[in-house]
Amino acid sequence: QVQLVESGGGLVQAGGSLRLSCAASGFTVSVYAMGWFRQTPGKEREFVAAINWSGGNTNYADSMKGRFTISRDNAKNTVYLQMNSLKPEDTAVYYCAANPSIGTMTAGGYRYWGRGTQVTVSS
C-alpha cells in the first residue's frame, strides 16, 4: 500500500522554526518529484515547495523563499521541509505529495498525498 505520512507539525511562536518530515512507503521516492502544499479551512490548497529527485532542483512559492527549505534523503525514503522565521500566516495543514513527473506548482499531477500535519504559529 502506498502511503505518505507527514510529521513534525505543532505549535510554535512567530519567528521560530519547525522541520516537517514526510515518510514514504509502498514506492521508491527517488523516482518521484516531491512537493509540499498547505491548506486552511475553506481555502484553496496552496503550493509551498517542490524538489526534483533526479536532478535535485527545487522551487518555492515567493512567500517561502529564503525561509523554507525542501530537502530529501532517498536512502530513508523521506522528504523534509525546514521552516524558519515562521509567521502567523503560515498556520495551515501541510501536505506532502509525490509526482511521477516534475514538481509543479499545482496539485494536479501529484499522484500520492499524505493526510497532512497541522502547523500553528502564534503571534
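Which loop holds G116? Keep that in mind; the tour ends there. The model on screen is predicted.

**Whole chain**

Start with everything selected. Colour by secondary structure. The chain has eleven strands and zero helices. Its radius of gyration is 13 Å, close to the 14 Å from the globule rule for 123 residues, so the chain is as compact as a globular protein of that length. Along the principal axes, the C-alpha atoms fill a box of roughly 40 × 25 × 25 Å.

The accessible area comes to about 6100 Å². Carbon and sulfur atoms account for 47% of that area. Of the 123 residues, 42% count as buried. Now take the contacts between residues at least 6 apart in sequence: 57% of them join residues at least 24 apart.

Zoom in on residues 18-25 and 78-83. These are strand 3 and strand 8, paired in the antiparallel sense over six bridges. Pick L18: its bridge partner in strand 8 is M83.

**The disulfide**

The torsion about the S-S bond is -80°, which goes with a left-handed link. C22 lies in strand 3 and C96 in strand 9 (residues 92-99), so the pair ties together parts that are 74 residues apart in sequence.

Are these cysteines buried or exposed? C22 is buried, at a relative accessible area of 1%. C96 is buried too, at 0%.

**G116**

Last stop: select G116. The residue sits in the loop between strand 10 (112-113) and strand 11 (117-122). G116 is partly exposed, with a relative accessible area of 24%.

Which residues does G116 contact, leaving aside its neighbours within four places in sequence? Show E6, V93, Y94 and Y95. S7 and G116 are 109 residues apart along the chain, yet their C-alpha atoms are separated by 8.0 Å.

Conventions: Residues are numbered from 1 along each chain as its sequence is written. This is a predicted model: local features need pLDDT of at least 70, side-chain atom pairs count only at pLDDT 80 or more; totals for chains, interfaces and linings use all residues. Side-chain values use heavy atoms; hydrogens and water are left out. Two strands pair if DSSP finds at least two bridges between them. Helices (H or I, at least four residues) and strands (E, at least two) are DSSP runs, numbered from the N terminus. Buried means under 20% relative accessible area, exposed over 50%, partly exposed in between (1.4 Å probe, protein chains only). Contact means heavy atoms within 4.5 Å. A disulfide is a pair of cysteine sulfur atoms within 2.5 Å. The radius of gyration is taken over C-alpha atoms; the globule rule is 2.2 Å times the number of residues to the power 0.38. Accessible areas come from the Shrake-Rupley method with a 1.4 Å probe; for residues, only the protein chains shown count as cover.
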